[in-house]
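Hi everyone, thanks for coming along. Please have a look at the chain on the screen, and then I'll walk you through a few places in it.

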Amino acid sequence: MNNPIDQLVDVLPKAELHLHIEGTLEPEMMLALARRNKVELPYASAEEIRKAYEFDCLQDFLDVYYLGMSVLINEQDFHDLTFAYLEKVSAQGVTHVEIFFDPQAHTERGIAFDTVVDGICSGLEAGHREFGITSKLIMCFLRHLPEEQAFEALSCACKHKDRIFAVGLDSSENGHPPSKFSRVFAQARREGFVPVAHAGEEGPAAYVAEALDDLRVERVDHGNRALDDPDLVARLVRQQTPLTMCPLSNLRLKGIPSLEASPVKTALDAGLLVTVNSDDPSYFGGYINDNYKAVRKALGLDENDVVTLARNSFAGSFLSDREKQSKLDEIDECTDRFRQ
Ligand code: HPA
Ligand code: ZN
């Protein structure tokens, strides 16, 4: 029998705020697209692909992640990938998503920037029509590449200001501090993009502070290591800067030795605006509700904690205040129904 709080998790309306669309590529779709696009993969079966998903750190994963996305070639591929993700999470109570994409990982392979954006956006539009899921798109700069290349991506993004809402920073964190991208983030902010960044996933608390000070981020992706610095925690609480944590990702990339070591409950209790998300669900063994249920069990979260996480997912989103209020009202209606 399903745990009663997990039953609530299943139906609670929620937003997903930390999701790399390329990280939703399931092995079966990877193989089908490889066939469709005549791309050679070093894997013969879905089982073999899943066997490759043993990671000791972020870089181990990134190597497999960039290889996997080599099957994405045409606009239709990006559409299919995006729609498949929305179809899955529509059955998990997700009503709003703010998703990352990594254009440089595609343009480097000769895929046009517009092909990527057109495909993802048509997938998002179809998902809105079919499932009513609203969305915002976040373009990430790859931090292992030079800042000059990030400027090239930004210049492509400027032609899609109506469709790209925010800019982010992802890929290999250690040795690539936020300050490496100060100038391109300043330019992106001037162009009207909202800044966010991965920080404190493997890198130190100082990288989180740098993301706030140098990049002026409005949300921190992961942010786990911020908890090492009490002054930084106090600042994040005071500012109510959202943190988008990803427990199963942390576990699979050995950022934590077990789910019991996830900082989600500590962050909740400290008054941080923490949210739970899936990051790269195909690679890390679970979509959003699997993440909620995993921390619920490991950290002994109660019903109030779970409802707070769902509320935080909308409070920490880039929806307007009016939209947020209507999403929070939906949570109240859902919990009232559930408690009857
Ligand atoms: N961290 C950094 N870069 C990434 C991740 C992540 O979890 N997923 C995809 N790119
Ligand atoms: Zn991420």
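At what angle do helix H1 and helix H16 pack, and how far apart are their axes? Before I answer, a word on where the numbers come from. This is a predicted model, where local features need pLDDT of at least 70, side-chain atom pairs count only at pLDDT 80 or more, and totals for chains, interfaces and linings use all residues. Residues are numbered from 1 along each chain as its sequence is written, chains are lettered from A and ligands numbered from 1 in the order in which they are written, and side-chain values use heavy atoms, with hydrogens and water left out.

Now the answer. H1, residues 4-11, and H16, residues 303-315, pack at about 15°, and their axes are 10 Å apart. Helices (H or I, at least four residues) and strands (E, at least two) are DSSP runs, numbered from the N terminus. The axes are lines fitted to C-alpha atoms, for helices over the stretch in contact, and angles run from 0 to 180 degrees between N-to-C directions. Angles under 35 degrees count as roughly parallel, over 145 as roughly antiparallel, 65 to 115 as roughly perpendicular and the rest as oblique. H1 and H16 are therefore roughly parallel to each other.

Which residues make that contact? From H1 we have Ile5, Leu8 and Val9, and from H16 there are Glu303, Val306 and Val307. Contact here means heavy atoms within 4.5 Å.

Let's move on to aromatic rings. A pair of them is described by the distance of the centres and the angle of the planes. Rings of Phe, Tyr and Trp (its six-membered ring) pair if their centres lie within 6.5 Å; planes under 30 degrees apart count as stacked, over 60 as edge-to-face and the rest as tilted. By this rule there are 13 aromatic pairs. Take Phe61 and Tyr65: their ring centres are 5.0 Å apart and their planes at 40°, so this pair is tilted. Both residues sit in helix H4 (58-68), four residues apart, about one turn of the helix. Are they buried or exposed? Phe61 and Tyr65 are both buried, where buried means under 20% relative accessible area, exposed over 50%, and partly exposed in between (1.4 Å probe, protein chains only).

Phe165 and Phe318 are also a tilted pair, with 5.5 Å from centre to centre and 35° between the planes. This pair links distant parts of the chain, 153 residues apart: Phe165 is in the loop between helix H8 (147-157) and strand S4 (166-170), and Phe318 is in the loop between H16 and helix H17 (321-339). Phe165 is partly exposed at 29%, while Phe318 is buried at 14%.

Last stop: the backbone. Most residues other than glycine have a negative phi. Lys38 is not a glycine, although its phi is positive, about 55°. You'll find Lys38 in the loop between H2 and helix H3 (46-51), and with 74% relative accessibility it counts as exposed. His222 has a positive phi too, about 75°, and is not a glycine either. His222 lies in strand S6, residues 219-222, and is buried, with a relative accessible area of 0%.
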